[in-house]
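Me: Could you take a close look at the salt bridges for me, and then at where the chains meet? I'd like it as one connected story, with the cut-offs spelled out.

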Amino acid sequence: MAHASKFKNPIINWIDTRLPLPSLLHHEYVEFPMPRNINYLWAFGAIAMIMLMIMIATGLMLAMQYTANVNLAFASVERIMRDVNYGWLLRYLHANGAAFFFIAVYIHIFRGLYYGSYQKPRELVWILGVIIFLLMMATGFLGYVLPWGQMSFWAATVITNLFSAFPIVGDPIVTWLWGGFSVDNPTLNRFFALHFLLPFVLLGVVMLHASAVHIVGSNNPLGIDIKGPQDSVPFHPYVTIKDLFAACPFLLLYCYFVFFEPNTMAHPDNYIPANPLVTPSHIVPEWYFLPLYAVLRAIPDKLIGTAAMFAAVLVLFILPWLDTSKVKSCAFKPVSRFFFWVFVLDCIMLGFCGASPPEGIWVILSRLGAVYYFAYFLVLIPVLGKIEKPLPRPASISESVLKNSGKPMEKA
Amino acid sequence: MRSMKTVIFAAALAFGFAGTALANEGVELPEQNWPHGGMFGSIDKAAAKRGFQVYKEICSNCHSMNLVPYRALLGLGFTEDEVKAEAASHQVTDGPNDQGEMFQRPALPADRFVKPFPNEQAARVANGGALPPDLSVIIKARHSGENYVTALLTGYEETPPAGVTVLEGRYYNKYFPGNQIGMPKMLNDDGIEYKDKSVKPTAKQQAMDVSTFLTYMSEPTQDERKHLGLRVMLFLFVFSGLMFACKRELWRDVGH
């Protein structure tokens, strides 16, 4: 019948013998074995989760004050800034929170790339992560439209128009997305509805992502699996305190932007109310989309450019099968490591290309950057996995730890 | 160590992109030294009050400030009676009354600044086709905000550079994108008489004062934001130290 419960607290015990939620949480977030050698890069999953919580909490309160109507949206945002108690705080936490959510997730993704966290048996963890990333991008874009400033309106126009690149079905799709024949009130209304819905879908996928990683266990800088209790520490208190500490400097930087540079990452044109008759001199998305925007503009053909932009994200789905290496961590693959860092620089360079007008040197750099981006996944990773001879690896996590720290492997 | 590098790297990334996004096209703007600049700065209320006088006597003849109510002036140190009197000096349309008619009444502190023109078309026809922008958030709606506004207001040149023909009804301005602006030079030395005689109303002084006023009106909560921000940052800084100590203590005897 009911499983034997182990909690001292009688109320928790009572619940646990009827609904094993406390047992589940205890198993997954207290005694769950984590590799003892994980570094601070492993904290960015938890940090991203904190950001998601901040976004949902502030977003809910903003939604109570916001009005999704083309004639009222801009003024309602300014009303939040001026007349709602701490409305300015909610809005700046939310607007800058989106950027910092992306920063955390980008670091999380690059960490996965470097240490081969997508490799067998973590393919599903990775795929769910890519779905989260796609949902984030959709949600971020929808949210950018809501204040109904100039950049909101024109970003919505440019991005939705990308779908018109598809032959035959393109224009009907765009009309369907808009709910009319231009970006207008129906567009804003549905964007608000979807912007409210998607974070909860995202939260659901995050739970699946976390469940999946708790089946196969976390990867670690050595890319070697846990072989016994000597290789691991319990999740709580060891990893919880490490994540909590790591979150502090991150939140400190976030708060610096919220309180002292709240508009630095945004475009001033978004403080001009949307005007369909005036096109801004240059339309840019939020900075976290700039690398993809550069890929889009690198290709002169609209259809192929759009396809390339989507492919740049979709290629991540098949990454677990593109990587032919038996070794996960780039720590043991110096050649792969070199090309990984070139890839990081490539993404940053593409970001600058996306922020610059598409002319002169920027077009050439965008094209070179886009070529390297795809070559990294489709050529370098599969080929290097076959031909690169990895460095010798330690037999186990504990062996490596003992060698590095000289500290006793006290059983935690 | 590597994780610290990553954090710094991420920060550099954020700043880098912001930097590119902010890069202004064309001429370099002179940067003023604003009392409200930086983490510890706060709005110079006396300057903002003088700026209100500039706004009222000069700017408000053409520019609206639709998002700002008269009560926002309380934050600059005007008394309640002064704000009521200021509001009451403008007429707003209200109604319909019991007879079903719209009527005029003096504005109240809760009313928004009364617009100089009833609609965009009226504003354009009175300004040679140009539309004077609403000034509620003008400082946030321009690159370099208050520096740009100050530069623009003092950036007129009587004789444009050789080879430049200024269009009919336009004026040459060094800082305006395209250099041909619909607004004539409005601020002149001693063009206004400050109540505070110790401040000389040069054009530059007026420009800085009205920019300070507009900076305040673009976000009246900004001093409160910085004040709260310092306390939040201080808390997080101490909390970081505490968490670091806890982490060190817990992991002290655990090889990792």
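Reply: Let's start with B:R112, which is partly exposed at a relative accessible area of 36% (buried means under 20%, exposed over 50%, partly exposed in between, with a 1.4 Å probe and protein chains only). Before going on: this is a predicted model, so local features need pLDDT of at least 70 and side-chain atom pairs count only at pLDDT 80 or more, while totals for chains, interfaces and linings use all residues. Residues are numbered from 1 along each chain as its sequence is written, chains are lettered from A and ligands numbered from 1 in the order in which they are written, and side-chain values use heavy atoms, leaving out hydrogens and water.

The partner of B:R112 is A:D83, and their salt bridge has its closest N and O atoms 3.9 Å apart (the rule wants a side-chain nitrogen of Lys or Arg within 4 Å of a carboxyl oxygen of Asp or Glu). This pair crosses between chains: A:D83 sits in the loop between α4 (73–82) and α5 (87–114) of chain A, and B:R112 in the loop between β2 (103–106) and α4 (120–126) of chain B. Those labels are DSSP runs numbered from the N terminus, helices being H or I with at least four residues and strands E with at least two. A:D83 is partly exposed too, at 28%.

Now for pairs inside chain B. B:R105 and B:D94 join in a salt bridge at 2.7 Å, N to O. They link distant parts of the chain, eleven residues apart, with B:R105 in strand β2 and B:D94 in strand β1 (residues 91–94). B:R105 counts as buried at 18% relative accessibility, whereas B:D94 is partly exposed at 28%. B:R225 and B:E219 form another salt bridge, at 2.9 Å, and both residues are buried. Shared partners also tie A:D83, B:R71 and B:R112 into one salt-bridge network.

On to the interface. Chain B puts 55 residues into the contact and chain A 59 (contact means heavy atoms within 4.5 Å). Two salt bridges are counted between the chains, and ten residue pairs are in polar contact, both residues at pLDDT 80 or more. On the side of chain B that touches chain A, the elements giving two or more residues are α1 (2–22), α6 (203–218) and α7 (222–251). The largest share, 18 residues, comes from α7(B). That side divides into 30 nonpolar, twelve polar and 13 charged residues. Here Ala, Val, Leu, Ile, Met, Phe, Trp, Tyr, Cys and Pro count as nonpolar, Asp, Glu, Lys and Arg as charged, and the others, Gly among them, as polar. As for polar contacts, the rule is a pair of N or O atoms within 3.5 Å; within protein, one must be able to donate a hydrogen and the other to accept it, and residues adjacent in sequence count only if both atoms are side-chain atoms.
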